[in-house]
Each structure stands twice: as structure tokens, then as C-alpha cells.
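Student: I would like a close look at a single part of this model. Please take me through the surroundings of one ligand.

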Amino acid sequence: MAETLETDVIVLGAGAVGENAAARVVQGGLEAILVESALVGGECSYWACMPSKALLRPGTALAEAKAVDGSRQAVTGSLDVPAVLKRRDSFTSGWDDAGQVEWVKETGIGLVRGRARLTGERRVEVRDDAGVRVGIQARHAVVLATGASPVTPPLDGLEQVEFWGTADATSSQEVPPRLLVVGGGVAGTELAQAYARLGSEVTMLVRHGLLEMFPRPAAELVAGALRSEGVEILTGTTADRVFEDASGAVVLALPGGELLYGDRLLMATGRRPALDGLGLEDLGLDPHGISCDDSGLVAEAGNWLYVVGDAAGKVLLTHQGKYEARATGAAIAARARGEIGFGEPPRWSRYAATADHAAVPQVVFTDPEVAMVGLRPDQAKERGIRASETSLPISVAGSALFADGYEGWAQMVVDEDRGIPVGFTFAGPGVAELLHAATIAVTGEVPLERLWHAVPAYPTISEIWLRLLEKYGL
Ligand SMILES: Cc1cc2nc3c(=O)[nH]c(=O)nc-3n(C[C@H](O)[C@H](O)[C@H](O)COP(=O)(O)OP(=O)(O)OC[C@H]3O[C@@H](n4cnc5c(N)ncnc54)[C@H](O)[C@@H]3O)c2cc1C
Ligand SMILES: NC(=O)c1ccc[n+]([C@@H]2O[C@H](COP(=O)([O-])OP(=O)(O)OC[C@H]3O[C@@H](n4cnc5c(N)ncnc54)[C@H](O)[C@@H]3O)[C@@H](O)[C@H]2O)c1
């Protein structure tokens, strides 16, 4: 062991979530050390949210200009692909984490580079690429913020072919002429549209339905838009086998004998918490069965181990993971000061990520966008809520002005016993920015009778709120 360090809190993983946990701990008056084996900033900054949105935004901006008579005539060219890729590179800082390392230092957080493993209670060993080992002992807590790893389904031949994961697709410097996408979740759908708009001929293979976690009409708007742009979407099917043919093309063989050809294959088939290889088994914990309370505390381990963000597996979204990290960091600091105990913190207190259960916002950044928060009608019913559903196309003055022939859809789910909204979905161009109002209404449990007095400005797409309430019967 080269050296042994001591600190108050060790955070494993310096993604957006780990950074937030460490920052909150330091704000709470404790010392923290972050351990990172790759780039400080994690998936979101370099291989997920930022580069994928940077690949999508130019196509959306171009489509928006083309959707308005008057500006349409001014747009005579297509996307400048090298410029799009260059702008994407600038959002990832060229995959250089110097800026984030600087922030870590300025925030007063310690940084140790290398792969971490738990070697005992509050004890971690870090091994860097050269094999140098550093021990770290924490006085209070260890936080697992190690993110998630891609899951690939058992597909005959997959190990023999070269394929892209989402990180390859978001960081690629080439646009393949033909792209095969397996998976119709958010990642597969966003990347399919990004590459189609950059010039790839895209075929999607979707086991069930596209964006199946969203209400059907919303998902269908996206599927319709993708198809109209030339994306072939095969739903309700999967591949039996994959191989490379003599020309170097990657070929997916479908159960009916059909063959799909691509120059690249993107596997976007989900992610699961990255908790393997951390030494959890040696502490009597099952890496695939870890659960935590709303402060992130893994009570099974005692009162020192926490898990947040993708690693916790509750919600695989950056903003929600950062929210969990703020609660965890605050709880660790308050517990160290003896201000709160180790039991489940009160709901909606600053030590509890209560919104994880009731009000998770998510945006699919395709064009049209899908923005959803809270519960779908089926989820509300599963929880025993007597729920009603109100939905209608988005057709208001604001949407008509936004784009000629605007197509959109909105849904409100109401808890009838409490008279409060518990879920909203919006689909259509430009709806992402409607979502925070809905998140506030659901989190704040705003009674519909009071929501009636929140008057949307004219002429904005937000007028859809009034239409939803009128259709509901107010
Ligand atoms: C293509 C794609 C697009 C996405 N787009 C969005 C989006 O638009 N909005 C959104 O909210 N979410 C999006 N997500 C999800 C988002 O990327 C994740 O929710 C987020 O990155 C999770 O952050 P995290 O800090 O928990 O994990 P990560 O960002 O994965 O960070 C974990 C860090 O831990 C490090 N690590 C792991 N094990 C060890 C170890 N043993 N020792 C040391 N370090 C270790 C890793 O190197 C990594 O840097 C997207 C995901 C994908 C795949
Ligand atoms: N805009 C965003 O917020 C955003 C964007 C991308 C990803 N993410 C998050 O990252 C995580 C990972 O995204 P993802 O899209 O990879 O996961 P996902 O779980 O959302 O979707 C996985 C998809 O793969 C399909 N699939 C699984 N096994 C298959 C098989 N054998 N054959 C065919 N299809 C198969 C599933 O049916 C599903 O459509 C998600 O939790 C998502 O929320 C968020």
C-alpha cells in the first residue's frame, strides 16, 4: 500500500451524482474524497446526456425553422455534419476533464484516481492503472455513486461482431451510412433520430413497442415522426443471430429469416447498477439486491454505507440522481453532527429523496419531444389511487404560432379522492419547457381548484393547461 489517507466521507464515482454528494458533504462542514477510475464528470458529461443532446439539437433547430412559413424559405441547406460533431465535441470538452477537476479542487473536495473497492467497514482501497494502491479510511460514511453499466441481451454471435454501445454512438467521429439500432427505449430512440438526421439510413429493432414506458399516443407521435424521416421501425420482434458478412457489413437475422444489414450496430438495450467488483459480497451484501432508504442509507450494512444515482437503480436520470445526492450529502452531514438519527428521514424533508416515488420528470429529446412527470394512469391505479385521465391534442394559439401544422398531445392524471394532479405527459415540439410547471404541480400537490387560478400566458403552448382543466370539467 503506497499510503493510507483519512477523511470523513469517501464517494466512489465522480459522475454528476458523486460530485453532488461530495459537494453537499463539504458544504455540511465535513471532508470528502472522490474516487474516479475514468473521467471526472462521468457518463452524463462525456458519453450520455450532453453529447446525445448536442447531436440532436441542430436537427431540431433546423426542423423548427423549416416548420414555419417565412423562415422555411430561408433554409436551403441541410445539417453541416462536421460542424455538428465539432459542436458536440465542445460540449464534452474534447473528453478532457480538466475543467471538472478544477471545480472539484475549488469546492474543497479531495480526488483520488483509480478503481475503488471496499475492503471493510468505512474502508476503501484504490488501485490506479500502474497498480499503485492507496488505502482510504472514512470516519463517517462511504457513498456508492458508481453509475450503471450497459446490459446486452443474449444474442447469438454478438461476441464475435464489433458493435456500438451508447457511449460509442455519442462519441463517434463518423456517421455510418447504415445504422442498425437494437432497443426502443429513450437512448435508442434519441440516437436513431440523431443519426437519421445526420444522414444515416436507420433501422430500429424493438422488442415490444417504441418508448413503451410512455403513454401510447405520445410514443406514437414520436414513432410517426421517425418513420416520416425514413427510420424503419420494426416492433414486436428481436434478432435471433448477428454476424458479419464478407463485405464487413453487420447482419441481424430475424426469426422469420429476414436479414437486416448495417455498417454499424448500436445496442441500446438498457443499463443496470454498476455494483460488481466493489467488494460488496465480502461485506455480506448482494451487489444485485442492494436497497436503500430515502436518504440513500443501506441499512443492511449498518449506518455507514449509502448508494445514490444510477448505482441505486431507482431512477436512471442525472437530475434525479443529483437530487438523491443532495439528500444523502445533507443526511450524512446532519448525522455526523448528531442532528438526526439513522432511521428513515421524514418524507419531503431535505434528507429524503421523496420525489423519487411521486414526481420524477423525464424528457425524451426527440423531435417531437415527450415530457412526463409523476404517474401514468395505470401506475396510479396499481397504487390504489382512484385516478381519472384527461387527454387531448395540443391545439392552442401558442402551438399554432410555434409551428405550422403543429401536432401534439397532453394528458393529466388526477387523484379523484384528493383533487390533485399526480401525473402529466406532453408530447410535441418544444414541450420540454412545459415540464417544470407540471413537476411543481405534482410535487406541490396543488389542488385543481387552485391550479385553475394559474392562468397561462397568451399565446403560449402552456394554454394546454387551461384546455386540460376545462376538459376535466372546471
Ligand atoms: C445515451 C444516454 C443519454 C442519456 N441522456 C440523459 C438525459 O438527457 N438526461 C438525463 O437526466 N439522463 C440521461 N441519461 C442517464 C444519465 O446519463 C445517468 O442517469 C447519469 O449519468 C447517472 O449519473 P451517475 O453519477 O449516477 O453515474 P455515472 O455518470 O455513470 O458516474 C459514475 C462514475 O463512477 C465511476 N466508477 C464506477 N465504478 C468505479 C470504481 N469502482 N472506482 C472508481 N470509480 C468508479 C465511473 O467511471 C463513472 O465516472 C442518459 C443515458 C444514456 C446512456
Ligand atoms: N433523455 C433522457 O433522459 C435519457 C436518454 C437516454 C437514456 N436515458 C436513461 O438511460 C437509461 C438507459 O437507456 P436505454 O434506452 O438503454 O434503456 P431502457 O431500459 O429505457 O430501454 C431499453 C430498450 O431495450 C429493449 N430491449 C431489451 N432487451 C432487448 C432485446 N433482447 N431485444 C430487443 N430489444 C431489447 C427494451 O425493450 C427497451 O426498449 C434509461 O433508464 C433511460 O431513462 C435517459
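Which of the 24 residues around ligand 2 come nearest?

Tutor: This is a predicted model. Around ligand 2, the residues that come nearest are Pro-153, Gly-183, Gly-185, Ala-187 and Leu-316. The most comes from α7, with four residues. By type, the shell holds twelve nonpolar, nine polar and three charged residues.

Now the record. An unreviewed UniProt entry carries the annotation "binding site".

Take two of the annotated glycines in turn. Gly-183 sits in the loop between β8 (178-182) and α7. Gly-183 is buried because 25 other C-beta atoms lie within 10 Å, and 20 or more are enough to count as buried. Setting aside neighbours within four places in sequence, Gly-183 contacts Gly-188, Met-267, Ala-268 and Thr-269.

Gly-184 also lies in the loop between β8 and α7. Gly-184 has 26 C-beta neighbours inside 10 Å, so this residue counts as buried too. Beyond residues up to four places away in sequence, Gly-184 touches Thr-189, Met-204, Val-206, Gly-209, Leu-210 and Leu-211.

Technical notes. Residues are numbered from 1 along each chain as its sequence is written. Chains are lettered from A and ligands numbered from 1 in the order in which they are written. This is a predicted model: local features need pLDDT of at least 70, side-chain atom pairs count only at pLDDT 80 or more; totals for chains, interfaces and linings use all residues. A residue is near a molecule or strand if its C-beta atom, placed from the backbone, lies within 6 Å of it. Ala, Val, Leu, Ile, Met, Phe, Trp, Tyr, Cys and Pro count as nonpolar, Asp, Glu, Lys and Arg as charged, and the others, Gly among them, as polar. UniProt positions are given in the numbering used here, feature names are shortened, and annotations may be inferred rather than shown by experiment. A residue is buried if 20 or more other C-beta atoms lie within 10 Å of its own, exposed if 12 or fewer, and partly exposed in between; C-beta atoms are placed from the backbone. Two residues are in contact if their C-beta atoms, placed from the backbone, lie within 7 Å.
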